[in-house]
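Colleague: I'd like to go through this model with you, one question at a time. Shall we put it on the screen?

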Amino acid sequence: MTQDKFEEEYKKLLLPLGMFALRIIGDVDDSNDVVQSVFLKTWNKITEGDCPENLKTYLYTAVRNASLKFIETKARHEVETVESYPEVTDESIDTSERDARLWRAIESLPERCREIFLMCKRDGLSYRQVAEELSITEKTVENQMSKALKSLRAAYGIKSGSRNIPIFFLQFL
C-alpha cells in the first residue's frame with residue numbers, strides 16, 4: 001500500500017473510527033488518542049511489509065481492541081466483561097460512519113446556527129435560555145434550530161418531519 005493510498009484511507013476513516021472509539025471509551029480526547037495510535041501502528045506494520053487484506057475491517061478491530069485495553073489500563077470504567085462493548089460488525093461500522101457524517105454536517109452549519117444547535121442539543125438549554133444568553137429573540141433561536149435540523153436531517157438521510165436525529169455523541173463534547 002502506498003503512502004498516498006494510506007493517507008486517503010486515513011482521511012476517510014478517521015472520524016468514523018473516532019465515533020466508534022467514543023462509543024466504547026466515552027471521552028473524545030482519549031478516543032482520538034487511541035485512533036491516532038492505531039493508525040500509527042498500522043502504518044508501521046504496512047511499512048514493514050505486513051499489509052492487512054481488508055484495511056477498514058482491520059482498523060475497526062484494532063480500534064475496538066485498543067479502546068478496551070485503554071479502559072482496562074486506565075481503569076476509567078469498571079469492566080465486567082469485554083462482551084458488553086460493541087463488536088466490529090457491519091452495523092457498528094455503518095453507525096460510526098453515519099455519526100461521522102452527522103458530525104461533519106454539524107461542523108458545516110453556519111457558526112451562529114451551530115452555536116445555537118449545540119447550546120440546545122448538547123447543553124440542554126431551552127430556546128428561551130439560549131435567547132437570553134445570546135441576547136436574541138426566541139423566534140431567532142427557533143428559526144436557527146429549524147435550519148439546523150433541516151440540514152442535519154438531509155445529511156443523515158432522514159425524512160422531513162422526523163424529530164429523531166441520533167446525536168448521542170454530543171453528550172461527550
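Predicted model: local features only at pLDDT ≥ 70, side-chain atom pairs only at ≥ 80, totals over all residues.

Colleague: Is serine 135 buried or exposed?

Modeller: Residues are numbered from 1 along each chain as its sequence is written, and side-chain values use heavy atoms, with hydrogens and water left out. A relative accessible area under 20% is buried, over 50% exposed, and in between partly exposed (1.4 Å probe, protein chains only). Serine 135 has 65%, so the label is exposed.

Colleague: And what is the phi of serine 135?

Modeller: Most residues other than glycine have a negative phi. Serine 135, in the loop between helix H6 (127-134) and helix H7 (138-156), isn't a glycine, yet its phi is positive, at about 55°.

Colleague: How many helices does the chain have?

Modeller: Helices here are DSSP runs of H or I with at least four residues, strands are E runs of at least two, and both are numbered from the N terminus. Along the sequence the pattern reads α-α-α-α-α-α-α. With 0 strands, the count of helices is 7.

Colleague: How are H4 and H5 oriented to each other?

Modeller: The axes (lines fitted to C-alpha atoms over the stretch in contact, with angles from 0 to 180 degrees between N-to-C directions) of H4 (residues 90-108) and H5 (residues 111-121) come within 8 Å and cross at roughly 125°. Under 35 degrees would be roughly parallel, over 145 roughly antiparallel, 65 to 115 roughly perpendicular, and the rest oblique. H4 and H5 are therefore oblique.

Colleague: Which residues in H5 do Trp103, Ile106 and Glu107 meet?

Modeller: A contact needs heavy atoms within 4.5 Å. On that basis, the three H4 residues meet Arg114, Phe117 and Leu118.

Colleague: By class, how many nonpolar residues does the contact of H4 with H5 have?

Modeller: Ala, Val, Leu, Ile, Met, Phe, Trp, Tyr, Cys and Pro count as nonpolar, Asp, Glu, Lys and Arg as charged, and the others, Gly among them, as polar. The contact has no polar residues and 2 charged ones, and its nonpolar count is 4.

Colleague: How far apart in space are arginine 112 and glutamine 144?

Modeller: Arginine 112 lies in helix H5 and is partly exposed at 38% relative accessibility. Leaving out residues up to four places away in sequence, arginine 112 touches Leu134, Ile136 and Gln144. Arginine 112 and glutamine 144 are 32 residues apart in sequence, and their C-alpha to C-alpha distance is 8.1 Å.

Colleague: Last one: over which residues does pLDDT stay under 50?

Modeller: The chain has a mean pLDDT of 80, and 82% of its residues reach 70 or more. The stretch under 50, with 21 contacts beyond four places in sequence in the model, is residues 168-173.

Technical notes
pLDDT = per-residue confidence, 0-100.
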